[in-house]
Amino acid sequence: MNTGLKIVLSGPSGSGKGTIVRELIKDEQFLLSISATTRAPRQGEEEGVHYFFKTREEFEGMIEKSELLEYAQFCGNYYGTPKDFIEDSVKNGKDVILEIEVEGAMQIKKIYPEAIFIFVVPPSLTELENRLVGRATEKPDVIEARLARAKEELALYHHYDYVVVNDRLVEALDEIKCIVRSEKLKSSHYKEKIENVIYN
Ligand code: 5GP
């Protein structure tokens with residue numbers, strides 16, 4: 001069995017990466033790394049399913065105890081990736097998705113240079129604003145902050161291996177599955193398997 005892939009998915013708030021991830025994990029080949037955050041749960045969000053919801057004190061305790069692989073602040077809240085889950089999952093052949101913002105993604109790049117970095121963008125900034133306002137999960141000042149952050153994040157697209165424009169969900173999903181399929185055909189993905197055959 002080959003080890004699974006580590007897939008980092010970033011993109012501005014409202015790019016639709018959350019929807020993409022929800023669709024991807026319907027296939028049991030994919031597992032989502034559940035993050036810890038100090039953000040308050042949105043309506044319908046569940047502890048341990050969408051996030052591990054923490055107080056600032058709890059989160060800072062996790063930082064001190066080195067329980068996080070990476071963490072960053074996003075629009076006033078902490079977000080971070082718990083250790084262990086990723087390693088355990090890829091060893092079991094699963095493809096693990098980290099849905100994280102750019103600062104955290106750059107930390108992951110240093111730890112796992114072999115990970116695949118995919119940047120999801122909306123078709124336009126106007127569309128991004130429409131989506132953020134339309135989903136009505138944030139107050140106007142938070143939407144403003146997220147739009148400002150979106151522009152900063154867009155400027156960092158070149159750190160990613162792939163860009164997927166999320167105009168139509170089915171097409172974006174198809175493109176991501178295509179990326180995953182071709183990554184699995186790379187010779188580097190066969191290194192361990194082939195070396196086992198040769199040397200054992
Ligand atoms: P939201 O509040 O919309 O759920 O997430 C805000 C941003 O935080 C999104 O860009 C999301 O990808 C990012 N995020 C979620 N979990 C993590 C994490 O564990 N680490 C980092 N660095 N960013 C995260």
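**View 1. The annotated binding site, G11 to G18.** In this predicted model, the UniProt annotation "binding site" (unreviewed entry) takes in G11, P12, S13, G14, S15, G16, K17 and G18. UniProt positions follow the numbering used here, and such annotations may be inferred rather than shown by experiment. The lining of the largest pocket includes G11, P12, S13, G14, S15, G16, K17 and G18. A pocket here is an open set of points on a 1 Å grid over the protein atoms alone, where a 1.4 Å probe fits, with protein on both sides within 12 Å along at least five of seven lines; lining residues have an atom within 4 Å of a point. G14 sits in the loop between strand 1 (6-10) and helix 1 (17-24). Helices (H or I, at least four residues) and strands (E, at least two) are DSSP runs, numbered from the N terminus.

**View 2. The ligand and its shell.** The ligand takes up the space of the largest pocket, meaning that more than half of its atoms lie within 2 Å of the pocket's grid points. Around the ligand there are 16 residues, and S35, R39, Y51, Y79 and E101 come nearest; a residue counts if one of its heavy atoms lies within 4 Å. The shell splits into 5 nonpolar, 4 polar and 7 charged residues, with Tyr and Pro among the nonpolar types, Asp, Glu, Lys and Arg as charged, and Gly among the polar ones.

**Notes for every view.** Residues are numbered from 1 along each chain, and local features need pLDDT of at least 70, while side-chain atom pairs count only at pLDDT 80 or more. Totals for chains, interfaces and linings use all residues, and side-chain values use heavy atoms, leaving out hydrogens and water.
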